[in-house]
Amino acid sequence: MENGATITNARVPQRRPEATSDRRLIVADRVWDGRAAHPLQDGFVLIEGDRIGAVGRVAELGDSMTALPRIDLPGTTVLPGLINGHVHLALSGSSRPVRDYLKDARTGIAALTVRAVRNLRLAVESGVTTVRDLGIVNEVGFTVRDAVADGRIPGPRVVTSGQPITVTGGHCHWFAHECDSAMDIRVAIRRQVRDGADWIKLMLSGGNLTPGTNPLAPQFSRDELRACVAESRRLRMPVAVHAYDPQSIRWAAECDVDTVEHCLFETPEGVGYDPATADLMAENAVAFVPTVSGALRRDREGPAPVAKRVHDKQTSIREVFRKLLAAGVPMVAGSDAGVPERGFGDYPADLAALVGAAGIGLSPRRALIAATSGAAEHLGLADTGVLEPGRRADVLAVRGDPLRDMTALEQPELIMAAGVRVPPPSVHQES
Ligand SMILES: [Zn+2]
């Protein structure tokens, strides 16, 4: 994690590749496009500048392509670069991220930006080629987003809400717009759109990170949520809603938001799963983003005995997500990287933790779809998440076959973000 501290010119090309002059073939034992039931055996991906030019089987390569420069990766599977649907780039992911944040914020915007730049590097070096940041100071979020897009710093492509919307003293009020009426919310949305936000993020429930809030009840009224969605729609903005409790999730489904973050159905007595809400989410194609993989991963690794209360809670939360999936609610994978104990380099392990009985019952393929083609579809990112001609050359190659064993994701051999190769931390720079 610490061994790639210097960012050299070799890692960050000063000039983006030209659209068609820079053609290369990636050749691997398996190529999985992000959707198919099975990978192509002995496949190739043709990279043309920052885009994918073609995908197919090596045996079918035309004469004009056999002479192209090749990156041969025997023993690997090539798949789309990963999408992390929920991160906080300016948070540390330590055991006390709020303390770290407030200390950085007192120092000034530069300290927060340095942290975000470092988190971006950790993310891309683990195979993540797109992140959606759902809560960050605008100046930091929009600056690093634009710097990655211009090739000035390494990282996954960033889409971000910038500052979220909360109530006075509400969840994440440190970097949010504090709004206490429908008109306040409309004004905050107009400011976010004016200043460059890609998403609108509303904190509907309180949150565990913020003392003095109630995570198990809505902070806003239903009419205020309606105003948020109406104003966002007027300005053609997608809406992500943070919701823990059944009432908040129900309102989010009724108001037809785009994604429900966390979606735990948590009540003071335990879990209050509501099948009617799940049906409404499925009908409206409202996706949920279960940000629990870090907890599941720790459970799987079992470094310390898990307290019974925590263990019971995790078991019931697993049940919630299984039921949502069974009801046909779309899922977008996201780790909440930046909050306690969720690192930016941990996403491959976080995804592996979603699989099977120890996770939330997903097959490897469904977990991978939630982090590639499915995430792209439900986050409105039509230019990534699938290996097909015309999409961004966001490409990951891993040793082994992640469709059989998800832990293969933790052994990246090649990472390419929009055609720019980013070596994983353990790999030396090649010629
Ligand atoms: Zn979050």
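The dialogue below goes through several features of a predicted model.

Me: What is the mean pLDDT of the chain, and how many of its residues reach 70 or more?

Reply: The mean pLDDT is 91, and 89% of the residues reach 70 or more. Over residues 1-20 the pLDDT is below 50, and this stretch has 28 contacts in the model beyond near neighbours in sequence. Residues 427-431 also stay under 50. For residues 427-431 the model has two contacts beyond four places in sequence.

Me: Which strands does β1 pair with, and in which sense?

Reply: Strands of a sheet pair through backbone hydrogen bonds, either parallel or antiparallel. Strand β1, residues 23-31, pairs with strand β2, residues 40-48, in the antiparallel sense over eight bridges. One place to look is Ile26, whose bridge partner in β2 is Val45. Strand β1 is also joined to strand β4, residues 70-80, by six bridges, and these two run parallel. There, Val27 has Asp72 of β4 as its bridge partner.

Me: What is the strand order in the open sheet of three strands, and which are the edge strands?

Reply: The order is β5-β6-β7, and the pairing is parallel. The edge strands are β5 (82-87) and β7 (157-160), each of which pairs on one side only. From one strand to the next, the twist averages 20°. Between β6 (residues 128-133) and β7 there are four bridges, with the two strands running parallel. Within that pair, Val131 has Val158 of β7 as its bridge partner.

Me: Which helix packs on that sheet, and which strands are touched?

Reply: Helix α4, residues 138-149, packs on the sheet and touches β6 and β7. The direction of α4 makes about 150° with that of β7.

Me: How do the axes of helices α7 and α8 cross, and within what distance do they come?

Reply: Two packed helices are described by the angle between their axes and the distance between the axes. The axes of α7 (residues 246-254) and α8 (residues 275-284) come within 9 Å and cross at roughly 30°. Helix α7 is therefore roughly parallel to α8, since angles under 35 degrees count as roughly parallel. The crossing of α7 past α8 is left-handed.

Me: Which residues meet between α7 and α8?

Reply: On the α7 side they are Pro246, Ile249, Arg250, Ala253 and Glu254. These meet Thr277, Leu280, Met281 and Asn284 in α8.

Me: Is Leu414 buried or exposed?

Reply: Leu414 is buried because 21 other C-beta atoms lie within 10 Å, and the cut-off for buried is 20 or more. Leu414 lies in strand β17, residues 412-417. Leaving out residues up to four places away in sequence, Leu414 touches Ile26, Ile71, Leu73 and Ala397. Of these, Ile26 is the residue whose bridge partner in β2 is Val45.

Me: Where is Gly196, and how many other C-beta atoms are within 10 Å?

Reply: Gly196 is in the loop between α5 (182-195) and β10 (200-203). With 14 other C-beta atoms within 10 Å, Gly196 is partly exposed, because that count falls between the limits of 12 or fewer for exposed and 20 or more for buried. The C-alpha atoms of Gly196 and Thr160 are separated by 9.1 Å, and the two residues are 36 residues apart along the chain.

Methods. Residues are numbered from 1 along each chain as its sequence is written. This is a predicted model: local features need pLDDT of at least 70, side-chain atom pairs count only at pLDDT 80 or more; totals for chains, interfaces and linings use all residues. Two strands pair if DSSP finds at least two bridges between them. Axes are lines fitted to C-alpha atoms, for helices over the stretch in contact, and angles run from 0 to 180 degrees between N-to-C directions. Two residues are in contact if their C-beta atoms, placed from the backbone, lie within 7 Å. pLDDT is the predictor's confidence in each residue, from 0 to 100. Angles under 35 degrees count as roughly parallel, over 145 as roughly antiparallel, 65 to 115 as roughly perpendicular and the rest as oblique. A crossing is left-handed if the near helix is turned anticlockwise from the far one by less than a right angle, and right-handed if clockwise.
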